[in-house]
Amino acid sequence: MSWGTELWDQFDNLDKHTQWGIDFLERYAKFVKERLEVEQNYAKQLRSLVKKYCPKRAKEEEPRFTSCLSFYSILNELNDYAGQREVVAEEMAHKVYGELMRYSLDLKTERKHHLQEGRKAQQYLDHCWKQMDNSKRKFERECREAEKSQISYDKLDNDINATKSEVEKAKAQFYLRTHMADESKNEYAAQLQNFNAEQWKHFNNAIPHIFKNLQDMDERRTVKLGETYRSFAESERRVIPIISKCLEGMVSAAKAVDERRDSTIVVESFKSGFEPPGDFPFEDFSQNLSRTGSDGTISTPKGERDKDGAPGPRSDPKHQMSKTKNKLWLFGKKPKAPSLEDFSHLPPEQRRKRLQQRIDELSKELQKEMDQRDALNKMKDVYEKNPQMGDPISLQPKISETICNMEKLRSEIHKNETWLSEVEGKQSSRGDRRHSADNHHHTPQGRESPEGSYTDDTSQEHHTPHHRTSPPQPGNPNPNPDPHEFDDEFDDDDPLPVIGHCKALYSFDGQNEGTLVMAEDEVLYIIEEDKGDGWTRARKQSGEEGYVPTSYVEITMEKNSKGS
């Protein structure tokens, strides 16, 4: 699946994803570094242990018992085993950790280059849009001036008191303004055509190419991770045969322990070669004594010796070996589920948020279409009452298109609300429901940031005033003033100076915030001119200020006055 075709509008999320990929790669590199440090410390401790227990006497003074010789053989094998652990650490340092860090630097450089290309392409498209928008505003302004010059010319032409020179001058001004409007129209059409062409190139050539490069880079990163996982395991597996030989040497040393040979060595070491001593003879010291007893006899005592003896039993030591088990750390990568229209691939709570977000966006679009429909209908009413201003039939295709768009949006909202109800029903049945669902006119108030979810900037939200049906009006009935314009300007402490006055042609209810109620034929003071949005700021004689539709009033400006 190609990023260029499926993720054409997800530049920010791809920026975050590629950064996350590099962070994950560096995190794994840090793990490998700590792992090889464990191996290095383990080998160092093993070598210190071997050195501590190795004999420090001369060879002729070393014991010749098989148990001691086997122990020394085990120490030598353990020293070789420590050397193999050092080999493992060295392999991890060069073939895994070093390779990962070098590749991470290359990824950062490549990612920076691709993102810069994407930002340049977006900046160029924004530049084209600004040029087109400026030409559009100019065309609108020139058309407005041409309309004013036409009204002035018609007025002078019908005025019997006007001189011929004044009529000719007004006529020339009317032709000049009309010509300028035609030139602005051609320039606007050219800029619009250029912008549409650049936009097509942007979303069909530039962005897919940049996103394909980012996808290739991310896939190479994934492949590199898989290769380093394999190298990580291979660094252990390559030393297994040598480690096995070391362990086999320890087992052989254990088998070489011979208790009889050790006993023989003890005998040979301490045997004197002398025969056991014989019986001592009896020595009679009574031969020179006189016999004075009744029988005159002296008896000689006889002693008996017990010559029986039994050797004590000999106990033999036994040696045991301990075996270590190595753990191999493995990382797994979850397969990425494909994105579905109903977000069923997401967890329930994430799915609910995404559906609610989509409903809010569709509701905004629906509200815009409804405002546009109302504006077109009002303009149509104006054209029907004032045919000189335009043909009402020319607005019918646009009205039909707007109604069609509204039906499509309502269908999409209904479909998404059905999915949302399904999700909320499941969450309620599990008792995991924490927030009640918002209605589809709710506007998101913040950003959501779990993995790769879409964000809305609240600073770009516009509050479009809702209009009720009103009498015919000669101007644009659906202005879109700046959302913070009313609040900022009405907070001024000093009142604005009067720059003119106006007379209400129609009554205006002024139910929206920031607007001013006026009655037909009421005279108001002008304190701020129309900025092109269809609204004029006025002040009543009572001092109340607000905005009124420019098309509802007849304005007379004071001389030497400046608009705000």
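User: How many salt bridges does the count come to?
Analyst: The structure is a predicted model. A pair is counted when a side-chain nitrogen of Lys or Arg lies within 4 Å of a carboxyl oxygen of Asp or Glu. By this rule the count comes to 30 salt bridges.

User: Which residue forms a salt bridge with arginine 85, and what parts does the pair tie together?
Analyst: The closest N and O atoms of arginine 85 and glutamate 39 are 2.7 Å apart, and the two form a salt bridge. Glutamate 39 lies in helix α2 (residues 11–53) and arginine 85 in helix α3 (residues 66–158), so the pair ties together parts that are 46 residues apart in sequence. The partner is glutamate 39, and the parts are α2 and α3.

User: Is arginine 85 buried or exposed?
Analyst: Buried means under 20% relative accessible area. Arginine 85 has a relative accessible area of 0%, so by that cut-off arginine 85 is buried.

User: Is glutamate 39 buried or exposed?
Analyst: The relative accessible area of glutamate 39 is 4%. The cut-off for buried is under 20%, so glutamate 39 counts as buried.

User: What separates aspartate 216 and lysine 212 along helix α4?
Analyst: The side chains of aspartate 216 and lysine 212 meet in a salt bridge, at 3.3 Å from N to O. Aspartate 216 is partly exposed at 26% relative accessibility, and lysine 212 is partly exposed at 46%. Both lie in helix α4 (residues 164–237), 4 residues apart, so what separates them is about one helical turn.

User: Which helix holds both lysine 415 and glutamate 412?
Analyst: Lysine 415 forms a salt bridge with glutamate 412, with the closest N and O atoms 3.4 Å apart. Lysine 415 is partly exposed at 27%, and glutamate 412 is partly exposed at 30%. The two are 3 residues apart, about one turn, in helix α8 (residues 396–430).

User: Which element gives the most residues to the largest nonpolar core?
Analyst: The largest nonpolar core has 36 residues, of which Tyr28, Val32 and Phe211 touch the most other members. Two or more residues come from each of α2, α3, α4 and α5 (240–255). With 13 residues, the element that gives the most is α3.

User: How many residues are in the second, separate core?
Analyst: Among the members of this core are Trp535, Tyr547, Val548 and Tyr552. The second core is separate and has 14 residues.

User: Are α3 and α5 roughly parallel or antiparallel?
Analyst: The axes of α3 and α5 are 9 Å apart, and the helices pack at an angle of about 170°. Angles over 145 degrees count as roughly antiparallel. Therefore α3 and α5 are roughly antiparallel.

User: How do the residues of the contact of α3 with α5 divide into nonpolar, polar and charged?
Analyst: On the α3 side the contact includes Ile74, Leu78, Tyr81 and Arg85. On the α5 side it includes Ile242, Ile243, Lys245 and Met250. The residues of this contact divide into 8 nonpolar, 4 polar and 4 charged.

User: What is the C-alpha to C-alpha distance of phenylalanine 139 and tyrosine 188?
Analyst: Phenylalanine 139 is in helix α3. Leaving aside neighbours within four places in sequence, phenylalanine 139 is in contact with Ala181, Ser184, Lys185 and Tyr188. Phenylalanine 139 and tyrosine 188 are 49 residues apart in sequence, and their C-alpha to C-alpha distance is 6.7 Å.

Definitions and conventions: Residues numbered from 1 in each chain as written. Predicted model: local features only at pLDDT ≥ 70, side-chain atom pairs only at ≥ 80, totals over all residues. Heavy atoms only, no water. Buried < 20%, exposed > 50% of the residue type's maximum accessible area, 1.4 Å probe, protein only. Core = buried A, V, L, I, M, F, W, Y, C linked by side-chain atoms within 4.5 Å. Axes fitted to C-alpha atoms, helices over the stretch in contact; angles between N-to-C directions. Parallel < 35°, antiparallel > 145°, perpendicular 65-115°, else oblique. Contact = heavy atoms within 4.5 Å. Nonpolar A, V, L, I, M, F, W, Y, C, P; charged D, E, K, R; others polar.
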